[in-house]
Amino acid sequence: MPSSASLFSAESRPAQSAVSLLAVRALRVALMPALLALSACGGGSGGGSDSAALPAAPAGLGFAETAPVPAVPAFVDNAATNQRGDARYATVDTNAGVRVLSGFLDLWEPSTRLVDAGQTAPARDGFPAVAASKWSGIPGDATDGAVKSAAFQAENVGFVVRTTAARTPAQAEAAYYDDRRGKNYSVTDGMGPLTAAWRQAARQSTTITGIPADAGTVRYDDQGNNTGVGGSANADFGLAIDFVNSMGNNASTEPAKRFYKYARPWRWSSSVQVAPTLEPAKSGTPATDGGFPSGHSAEAVRNAVAMAYLVPERFQEMLARGLELGEMRIVAGMHSPMDVIGGRLLGQASALGNIAATSPDARKAARAQAQQTLMKATGAATPEALMAFAHSQATAQDRFADAAANRSNYRRRLVFGFAQTGDTTRAAVVPKGAEVLLETRQPYLSDAQRRVVLKTTALPSGYPTMDDAEGFGRLNLLAAGDGYGAFNGDVDVSMDASLGGFHALDVWRNDIAGAGKLTKRGSGTLALAGTNRFSGGTELVAGTLRADSAQALGTGAVYVGGGTLAVGGAGSTVQLQGGYAQTAAGTLQAQLGSADAGAIATPGTAVLGGTLVIAFRAGFAPKVGDTLTVIRAKDVQGEFGQIVVPGFRARAVYGAAGLQVLLVGTA
């Protein structure tokens with residue numbers, strides 16, 4: 001009987017004819033049981049071809065995608081114009097806060113296009129004086145504006161009618177708290193396990209701790225400390241609180257409310273049921289109580305973005321909480337979906353404007369103080385320990401613990417069921433400076449790369465009001481926290497594990513499309529967890545690339561030139577549609593389980609070299625004599641130089657259809 005080494009290397013030798021290659025393959029399959037028995041008795045270990053020509057790394061597209069700054073006046077450059085009572089900033093062209101919401105003019109024509117609801121402004125610097133408008137605030141009267149889309153208006157108000165009619169007691173209670181408490185205090189519960197530590201460090205408090213039995217006593221009477229104590233009076237956390245407080249600079253929704261002059265939903269329809277505990281909150285001065293945009297929503301979003309920046313360990317959870325508070329304004333009957341969407345746009349713009357206006361050193365100091373204080377408060381010795389603590393509670397305690405639910409709810413709250421009625425083919429654009437929003441969440445990426453992340457995770461075009469010229473309406477910040485949405489160019493990522501945190505480990509959970517290539521460098525670990533379709537290939541140069549799903553590595557070729565490719569963590573066979581190649585400097589780490597879980601499979605060729613390390617999934621307990629499938633392929637060339645199976649002595653069995661490892665004894 002020929003040795004397994006001689007038999008298993010025959011296929012790749014160039015002297016073999018096509019006919020003999022087919023015969024060898026058939027013989028391999030026929031003799032596999034005997035070869036396994038031979039190996040178990042101490043016979044030859046088998047092997048791939050004596051030599052294998054290593055293919056070149058995937059070429060990719062040869063360029064990186066960019067996200068140019070839109071050629072329009074940028075909010076970050078003009079945030080200070082978001083004022084009322086100043087004739088210089090009374091129009092859509094001169095007020096940045098009004099301008100970022102100008103898509104609403106496609107749906108609604110205000111009675112005047114001026115910041116003039118209950119507002120006057122003297123002439124200044126050549127700008128004419130502003131007289132107070134005659135808008136009464138009552139929908140449909142002679143002073144009101146004009147609805148441009150009856151279908152939009154019916155859905156915008158109808159959504160509130162349906163939502164308030166279906167409101168549960170628990171939702172009514174949540175809406176009450178989000179209305180009455182300070183907005184920053186409310187959103188801090190998005191910190192989950194870190195909430196108590198944050199509130200204590202901030203010295204943050206509320207006096208709204210219950211719902212009065214007599215609804216008539218309800219007032220805006222929260223006497224607590226909404227954001228906390230900043231400055232030198234709070235040596236351990238003052239920089240962080242100052243940073244959050246700065247989000248209110250040039251962030252008022254009043255200029256936009258007094259420009260658009262669009263009424264609240266309960267003024268549009270008597271079928272809207274305002275939460276009974278909030279009936280006393282209804283304003284008696286409709287001319288200065290516009291609904292668009294929602295002030296509560298804007299404040300919640302801008303503060304949530306700031307806290308997500310300071311505590312990126314809870315980045316997506318904080319963003320989810322910010323949008324949840326906006327939805328509670330609809331549940332309360334106080335705002336329409338478009339009011340809340342407008343609040344989101346202005347809140348994001350305000351957060352960006354104020355974060356960008358903070359110097360890089362000041363941002364870094366605020367982030368460092370937040371991290372260090374929270375680590376000390378939670379007993380976390382390392383950033384990794386803080387990350388673990390930040391996600392240590394189940395949904396019964398942390399209602400934002402379900403990442404999939406956060407993604408779904410956030411996406412729903414971005415559009416609230418509105419249909420795409422505009423151009424659905426417009427390319428996404430990214431606001432000037434918006435890359436700073438991901439600065440702490442993806443610190444290993446360049447500014448240019450973070451802009452592309454925002455671009456490739458943006459909403460489709462065509463949604464009402466959301467196709468603003470700068471791109472605020474289409475931002476999906478929660479999705480951006482999960483990495484690229486597409487590789488429309490080649491993506492080269494370098495991570496330095498010595499810097500800790502996301503530099504050491506990050507997970508991209510989006511389903512990545514595109515024709516580009518991914519190259520991973522540096523000592524850190526990047527995990528891919530989506531159902532990925534990118535076709536340009538994957539090249540691992542250094543560090544660890546972890547495949548956390550069956551289709552993690554896309555449809556192109558995978559080339560391990562160095563570092564470690566880790567597979568099997570998701571408990572499924574990893575599909576490598578474009579073939580696999582590993583050099584002598586590379587390592588394949590396979591976490592195996594039952595039913596070939598953790599194996600890799602390719603319809604192409606697997607060219608092997610370097611090291612194979614096998615681990616076992618929890619609950620999987622192989623024994624001596626077991627044969628484990630590691631690779632299934634159309635063709636296997638080369639062989640691993642070293643195979644490590646902790647606790648066992650093992651032999652490789654290379655066959656026409658792949659590689660198996662036989663456990664021949666204990667170590």
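## Strand 19 and its partners

Within strand 19, leucine 662 is the bridge partner of arginine 651. The model is predicted: local features need pLDDT of at least 70 and side-chain atom pairs count only at pLDDT 80 or more, while totals for chains, interfaces and linings use all residues. Residues are numbered from 1 along each chain as its sequence is written, and side-chain values use heavy atoms, with hydrogens and water left out.

Strand 19 covers residues 658-666. Helices (H or I, at least four residues) and strands (E, at least two) are DSSP runs, numbered from the N terminus. Strand 18 (residues 648-655) pairs with strand 19 in the antiparallel sense over eight bridges; two strands are said to pair if DSSP finds at least two bridges between them.

Strand 19 is mostly covered, with seven of its nine residues buried. Buried means under 20% relative accessible area, exposed means over 50%, and partly exposed lies in between (1.4 Å probe, protein chains only).

## Salt bridges between helices

The structure holds 37 salt bridges. A salt bridge is a side-chain nitrogen of Lys or Arg within 4 Å of a carboxyl oxygen of Asp or Glu. Side chains of opposite charge can pair when their charged atoms come close.

Arginine 329 counts as buried at 2% relative accessibility, and aspartate 179 counts as buried at 1%.

Helix 13 also takes part in another such link. The side chains of glutamate 327 and arginine 412 meet in a salt bridge of 2.5 Å, N to O. Glutamate 327 lies in helix 13 and arginine 412 in helix 17, so the pair connects parts that are 85 residues apart in sequence. Glutamate 327 is buried, with a relative accessible area of 11%, whereas arginine 412 is partly exposed, with a relative accessible area of 36%.

## A further pair and a network

Aspartate 467 and arginine 474 meet through their side chains in a salt bridge of 4.0 Å, N to O. Aspartate 467 counts as buried because its relative accessibility is 18%; arginine 474 likewise counts as buried, at 10%. Elsewhere, a network of salt bridges links Asp178, Arg181, Asp189, Arg321, Glu324 and Arg399.

## Aspartate 398 in its loop

Aspartate 398 is found in the loop between helix 16 (383-390) and helix 17 (403-415). With a relative accessibility of 2%, aspartate 398 counts as buried. Leaving aside residues up to four places away in sequence, aspartate 398 touches Gly192, Pro193, Arg314 and Gln393; contact means heavy atoms within 4.5 Å.

## The packing of helix 9

Helix 9 comprises residues 238-245, and its buried residues include Gly238, Ala240, Ile241, Phe243 and Val244. The buried residues of helix 9 pack against helix 7 (183-187), helix 8 (195-202), helix 12 (295-310), helix 14 (337-357) and helix 15 (360-378).
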